[in-house]
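Hello,

The structure is passed on below, followed by notes on what was found in it. Please have it open while reading.

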Amino acid sequence: MKRIVLFALFLMLGYLSNAQSFTIEGITYAATSDSTCEVRGATLTDCIIPPFVIHDSVTYKVTSIWGGPGTTASQGAFRNNHTIHSIGIPYTIESISFYAFYRCTSLSTVYYNAKEINSNSTSSTVIFSDCPNITSLKA
């Protein structure tokens, strides 16, 4: 009986964790609270992150670009994305994690309409590490 209860609990936890991630128009998000979410990645070449997204009738404010806890170069939201050419970052972004754009070798333009970003990285050098083609950072 204990095994059945543990198995059911395991299945429920797996379902709940999967329910928190969602993809809208090529951008993957994960809920961070009942009303906020973070960007986990995208499959687009020209990516404009919206300030708000609606999923399952819930409006989420997009507040961060993920890099994972204790972020390493293998965990950035856009890491090793060699197809992305431009990224638009909205005013709602409050945090961009270390290595969020690590080795985005085709990334050339970053548009931002953000308030002062409280990044857990204090330098765009780390956020955009190994992005040799960035030629433009535009507000």
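**Loops and sheet**

D56 is exposed, because its relative accessibility is 64% (exposed means over 50% relative accessible area, buried under 20%, partly exposed in between, with a 1.4 Å probe and protein chains only). The model is predicted: local features need pLDDT of at least 70, side-chain atom pairs count only at pLDDT 80 or more, and totals for chains, interfaces and linings use all residues. Residues are numbered from 1 along each chain as its sequence is written, and side-chain values use heavy atoms, with hydrogens and water left out.

D56 lies in the loop between β5 (52-55) and β6 (58-65); strands here are DSSP runs of E, at least two residues, numbered from the N terminus. Its phi is positive, about 50°, although D56 is not a glycine. Most residues other than glycine have a negative phi.

R103 also has a positive phi, about 55°, and is not a glycine. R103 sits in the loop between β8 and β9 and is partly exposed at 38%.

F98 is placed in the loop between β8 (95-96) and β9, and is partly exposed at 29% relative accessibility.

An open sheet of four strands runs in the order β4-β7-β9-β10 with parallel pairing (two strands pair if DSSP finds at least two bridges between them). β4 (46-48) and β10 (136-138) are at the edges with a single partner strand each, so one side of each has no neighbour in the sheet. Within the sheet, β7 (86-89) and β9 (109-112) pair over four bridges, and I87 has V110 in β9 as its bridge partner.

Regards
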